[in-house]
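Q: I am new to this structure, and I would like to learn how to read it. Could we go through it together?

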Amino acid sequence: MKQYYAAYRARIMCPACSQESEIFITNNGVFPVSTETCHNCSNTFPADQFIVSFLEKTGNSTVSSLSSH
């Protein structure tokens, strides 16, 4: 049985200062690690608990999955 590797991009928000950044989520969880350190305030938090939106890739451009069309 073939196992497929899936990777998704997501936007997360720092719970301390609301700074947003992007992470990758794979079949095995957040890549490369499940904790994120904010570049703005240096707060460390569990990235998978502060996901704001998922991003999808369409062609050569990236669009937010929350956008309305």
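A: Gladly! Let us begin with accessibility: a residue is buried under 20% relative accessible area, exposed over 50%, and partly exposed in between, using a 1.4 Å probe and protein chains only. Tyr5 is exposed, because its relative accessible area is 57%. This is a predicted model, where local features need pLDDT of at least 70, side-chain atom pairs count only at pLDDT 80 or more, and totals for chains, interfaces and linings use all residues. Residues are numbered from 1 along each chain as its sequence is written, and side-chain values use heavy atoms, leaving out hydrogens and water.

Q: How many disulfides are there?

A: A disulfide is a pair of cysteine sulfur atoms within 2.5 Å. The count here is zero. For Cys17, the closest cysteine sulfur belongs to Cys38 and is 3.6 Å away, too far for a bond. Cys41 is in no disulfide either, with the nearest cysteine sulfur, that of Cys14, at 3.7 Å. Cys17 is partly exposed at 27% relative accessibility, and Cys41 is partly exposed at 33%.

Q: How is a pair of aromatic rings described?

A: By the distance of the centres and the angle of the planes. Rings of Phe, Tyr and Trp (its six-membered ring) pair if their centres lie within 6.5 Å; planes under 30 degrees apart are stacked, over 60 edge-to-face, and the rest tilted. The structure has one aromatic pair. Phe45 and Phe50 form this edge-to-face pair, with 5.6 Å from centre to centre and 90 degrees between the planes.

Q: Are these two residues buried or partly exposed?

A: Phe45 is buried, with a relative accessible area of 4%, whereas Phe50 is partly exposed at 29%.
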